[in-house]
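Q: I would like to learn how to read a structure with two chains. Could we go through it feature by feature?

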Amino acid sequence: MKLYEFEGRQLFRRYGIPVPGFEVVDSAEQARRVAEAFPGKTVVKAQVLVAGRGKAGGVKVAETPSQAAELASSMLGAEIKGERVERVLITDYTEIARELYLGIIVDRFKKAPMVIVSSEGGVEIEELARKSPEHVLRIEVNPLIGLTDYQVRKAVMFMKLGGGLAEEAGRILRSLYKLFVEMDCELAEINPLAATPDNRLLAVDSKVIIDENALYRHKEFARRVEGSGLEEEARKLGFTAVELDGDIGIIGNGAGLTMATMDMVKLKGGRPANFLDVGGGAAEDVVEKASRLLLTHPRVKVLFVNILGGITRCDEVARGVVSAYRSLGVDKKIVVRMMGTNEEEGKRILRDNNILPYDSMEEAAETAAKLAG
Amino acid sequence: MVVQGVTGRQGLFHTRAMIKYGTRVVAGVTPGKGGQVVEGVPVYDSVEEAVDMHRQINTSLVMVPAAFAADAVIESLEAGVKLVVVITEHVPVHDAMKFIRYASYRNACIIGPNCPGVITPEAAKVGIMPGHIFKRGRVGIVSRSGTLTYEIAYAITAAGMGQSTCVGIGGDPVVGLNFIDVLEMFRRDPETESVVLIGEIGGDLEERASEYIRETNYPKPVVAYIAGRTAPPEKRMGHAGAIISLGAGDPESKVRAFERAGVPVASTPSEVARLLRTV
């Protein structure tokens, strides 16, 4: 789960990582008042989760509090790369002498936290790593031992900072690692970590992604769904959905199988409207809710259900699909492929309701594509 | 083997299925329920007690809720269990990093988390896959998926071939055994003649596996399938590890990597079976 920049900054503050003064506002008037409290220029930053907000005009310098109010006004309610701006951050303008990069990620291959350091901050780290790998240092941290002093020294020496700043950078790295572990982060990034002309270090931007699987132990972050209405509804009902842009609704049991179903429909010339995984052992009511969700979606013309039942029972699935279909009385087509536990019973229920069950995933996908036109 | 979480709904269902399939499930563990007998299996309060009473235990299947999974795994490792198969989904990644690292220090092996387990058809299964879909044969399968694995196994069985052993490594971003580890095992397994590798979007395990296949001149034919080739970027497709982001995990890079390694990539599950006949 991505955190907004202001949430990241609040966490940085909590962990003792220096950040420029800031406040989050949701009106132009508040923006003006907050800007007035700062000594000089301020920066108005749209609080959105999409990448590339700077280039899309979501970060602007305000010379005066009036300008801050104007900029806030133009950003609030507008969309940046498809995401509506609900809040903006008003922050103290920081003079930057040097930009560094400091980040920590979960390295999937090493199965460990990876500290990434660069003396060239302010740019896309993946690009930098590709173009000039000699400017990027990676340090693998033992998840059982944690970040060691010698690792901190190595990182700080790589940043080539003078005396006082070196110690401060070390302290910031330690704090960032503590945050990374305690907050169950997938990523915690300071880009840029700015060195100011008056010899301070400040985290000018913040990017933090928290492991969704750990949210149960971080109740302060109310589970947020960044996604469309369909995705949010699905989340509430207990399954996973991703909205796409086609007209064939897709339900499967198991993420891999559902992805494969989506791929196959595309291969057969169809346009998937979504990905929806009901998971293992889904009962009739879950399947009914999922079917209902897709059958009532304006774009969906055909619903394709693909079930390979192990712990999932085909008869439960059939009942769920039929229940939704009959109660809605919509003029949409349904294609079902089912195999596995109780498949004979499941197929019987479908046939009794004029839904022809398929054995072959490929044939079913082809039919679904044809029906959608 | 011992089942941790044996008295839960999933625990009971799958313990019964495993026993029926031929797996030697000798004990179960659910703290607080020690003394009971479920599905003919004695339940203990701790893995230590179970291992004490049944010295032959060398494997554990973990089916406890995500918040307790790390504790369950570490408990098994401390009791000397050498293979821990973690079925549980939604295990926090920081927990996984810790217990996987710990397992390596105990010379133990973790499979998963968020995996369907391992099966050697007509012999035993440590997991939740439906046994009847599999048939004993000579194709080894290693996969990040659950039900997609069954789909492809079914296609292989339907084509008159069979599986030697099938390993589900799990759909999470950080897992114990990865593709390379299992490919190594298949290389040394006299019962495996060819290998099917089922990958997904997200991460770079497939790319690394391709590199390994190329660099070792992998001696057995491999066929691959990648799920999620039409998935949009930056969206998590069900599995915690199935996301194209931070500049990595893109499916076409995986396909290219396999092709460079001489591994044909099937476009459909049934094509996997067809390709197996030609490699």
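A: Start with what a record says. In the unreviewed UniProt entry, the annotation "domain: ATP-grasp" covers residues 9-219 of chain A. UniProt positions are given in the numbering used here, feature names are shortened, and annotations may be inferred rather than shown by experiment. This is a predicted model, in which local features need pLDDT of at least 70, side-chain atom pairs count only at pLDDT 80 or more, and totals for chains, interfaces and linings use all residues. Residues are numbered from 1 along each chain as its sequence is written, and chains are lettered from A and ligands numbered from 1 in the order in which they are written.

Q: What share of residues 9-219 of chain A is helix, and what share is strand?

A: Helices (H or I, at least four residues) and strands (E, at least two) are DSSP runs, numbered from the N terminus. The span 9-219 of chain A is 30% helix and 29% strand, and its end C-alpha atoms lie 18 Å apart. Chain A as a whole has twelve helices and 18 strands.

Q: How many residues of chain A are in contact with chain B?

A: Two residues are in contact if their C-beta atoms, placed from the backbone, lie within 7 Å. By that rule, 40 residues of chain A meet 48 residues of chain B. On the chain A side, strand S13 (240-243), helix H8 (255-267), strand S15 (274-277) and helix H12 (361-372) give two or more residues each. H8(A) gives the most, with eleven residues. By class, this side of chain A has 21 nonpolar, nine polar and ten charged residues. Here Ala, Val, Leu, Ile, Met, Phe, Trp, Tyr, Cys and Pro count as nonpolar, Asp, Glu, Lys and Arg as charged, and the others, Gly among them, as polar.

Q: Why does the length of H12(A) agree with its number of residues?

A: The expected span of a helix is 1.5 Å times one less than its number of residues. The twelve residues of H12(A) should therefore span 16 Å, and the end C-alpha atoms are 17 Å apart, which agrees. After H12(A) comes Gly373(A), with a positive phi near 80°.

Q: Which residues of H12(A) are buried?

A: A residue is buried if 20 or more other C-beta atoms lie within 10 Å of its own, exposed if 12 or fewer, and partly exposed in between, with C-beta atoms placed from the backbone. In H12(A) the buried residues are Met361(A), Ala364(A), Ala365(A), Thr367(A), Ala368(A), Ala369(A) and Ala372(A). An α-helix has 3.6 residues a turn, so residues three or four places apart point the same way. Over chain A, 49% of the 373 residues are buried.

Q: Where are the domains of chain B?

A: Domain bounds come from an automatic or database domain assignment. For chain B it gives domain 1 (2-111) and domain 2 (117-278). Their C-alpha centres are 25 Å apart. The contact between them takes 18 residues from domain 1 of chain B and 16 residues from domain 2 of chain B.

Q: Is His90(B) buried, exposed or partly exposed, and what does His90(B) touch?

A: His90(B) is partly exposed, because 18 other C-beta atoms lie within 10 Å. This residue sits in the loop between strand S6 (83-86) and H4 of chain B. Not counting residues up to four places away in sequence, His90(B) touches Asn213(A) and Ala66(B).
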